[in-house]
Amino acid sequence: GLDTSDARFVHIFPDDSEDVSDQMRMMCRTGLFSMVSVDSIGGMESKQALSKEAEEVTMGRNAQVITRMVKQVAVMARQHEVGIVFVNQLRANLSGMGADISAGPKALRYNTTMKIDMKRTGESPITVKIDGEDISIGVQVRARVTRNKVAPPGYSGEFWIFNQDTE
């Protein structure tokens, strides 16, 4: 069993997207977690893709697994009152036309309650001078709600993310 009586944070390293799906469902069912975060949807690979040779085609399998996982986990999260956060980075659109594209499958667009775009503002990190040396202590971030099924979208805010070792 999983003893989380004193735990505030549990970090799991799944091998593939099928393992992520299984572990997410297990975490929702236990009732031990109030928040589960998956980082990163775009970086997951399916078991099939990891076991095949490079020349064998496995396109679309990861998207199928993630689509099924998102639908199943959404139902369980509602039943067990668990907040789920999926992190999905944007990739530069190499064609040069249009906006950046997301690395994950389209299932996240249709099965999520809220989408928040977060981007760094400004060109340089927040720095302070310590002993004559500029030390980076964090970055300023702008968060904008672009999709919201529970309230009107369009809210935005700015905040700072500080480095962990900053005192």
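Arg 144 counts as partly exposed, at 42% relative accessibility. The classes are set by relative accessible area: buried is under 20%, exposed is over 50%, and partly exposed lies in between (1.4 Å probe, protein chains only). Arg 144 forms a salt bridge with Asp 117, and their closest N and O atoms are 4.0 Å apart. Arg 144 lies in strand β7 and Asp 117 in strand β5, so the pair ties together parts that are 27 residues apart in sequence. Asp 117 is partly exposed too, with a relative accessible area of 22%.

This is a predicted model, in which local features need pLDDT of at least 70 and side-chain atom pairs count only at pLDDT 80 or more, while totals for chains, interfaces and linings use all residues. Residues are numbered from 1 along each chain as its sequence is written, and side-chain values use heavy atoms, with hydrogens and water left out.

**Salt bridges**

How many salt bridges does a search of the whole structure find? It finds four. The criterion is a side-chain nitrogen of Lys or Arg within 4 Å of a carboxyl oxygen of Asp or Glu. Side chains of opposite charge can pair when their charged atoms come close. Three of these bridges are listed here, including the one above.

| Salt bridge | Closest N and O atoms |
|---|---|
| Asp 22 and Arg 25 | 2.8 Å |
| Asp 134 and Lys 129 | 3.1 Å |
| Arg 144 and Asp 117 | 4.0 Å |

Asp 22 and Arg 25 both lie in helix α1 (residues 17–30). They are three residues apart, about one turn of the helix. An α-helix has 3.6 residues a turn, so residues three or four places apart point the same way. Asp 22 is partly exposed, at 41% relative accessible area. Arg 25 is buried, at 18%.

Lys 129 is exposed, with a relative accessible area of 61%. Lys 129 also stands opposite its salt-bridge partner, Asp 134 in β7.

**Strands around β7**

Helices (H or I, at least four residues) and strands (E, at least two) are DSSP runs, numbered from the N terminus. Two strands pair if DSSP finds at least two bridges between them. Strand β7 covers residues 133–148 and pairs with β5 in the antiparallel sense over seven bridges. Here Lys 115 stands opposite Arg 147 in β7.

Strand β6 (residues 126–130) runs antiparallel to β7, joined by five bridges. Their hairpin has two residues between the strands. Asp 131 is exposed, with a relative accessible area of 80%.

β7 also runs antiparallel to β8, with seven bridges. In this pair, Val 139 stands opposite Ile 161 in β8.

Asn 148 is found in strand β7. Is Asn 148 buried or exposed? Asn 148 is buried, with a relative accessible area of 15%. Its side chain has a polar atom 3.0 Å from the backbone nitrogen of Val 150. The side chain also reaches the backbone nitrogen of Ala 151 at 3.3 Å. A polar contact is a pair of N or O atoms within 3.5 Å; within protein, one must be able to donate a hydrogen and the other to accept it, and residues adjacent in sequence count only if both atoms are side-chain atoms.

**A nonpolar surface patch**

Met 114, Ile 116, Met 118, Val 150 and Ile 161 form a nonpolar patch on the surface. Together they have about 470 Å² of accessible area, by the Shrake-Rupley method with a 1.4 Å probe, where for residues only the protein chains shown count as cover. Patch residues have over 30% relative accessible area and no salt bridge; like charges are joined within 9 Å, and nonpolar side chains (Val, Leu, Ile, Met, Phe, Trp, Tyr) within 5 Å.

Which strand gives the most to the nonpolar patch? Strand β5 (residues 114–120) does, with three residues. In a regular strand the side chains alternate between the two faces of the sheet. Ile 161 sits in strand β8 (residues 156–162). Ile 161 counts as partly exposed, at 41% relative accessibility.

**Helix α3 and its end**

Helix α3 (residues 61–80) has 20 residues. The expected span is 1.5 Å times one less than the number of residues. That gives 28 Å, which agrees with the 28 Å between the end C-alpha atoms. Buried residues in α3 include Val 65, Ile 66, Met 69, Val 70 and Val 73.

Gln 79 lies in α3 and is exposed, at 57% relative accessible area. The C-alpha atoms of Gln 79 and Cys 28 are separated by 8.6 Å, with the residues 51 apart along the chain.

Glu 81 follows α3, in the loop between α3 and β2 (83–87). Glu 81 has a positive phi of about 55° although it is not a glycine. Glu 81 is exposed, with a relative accessible area of 70%.
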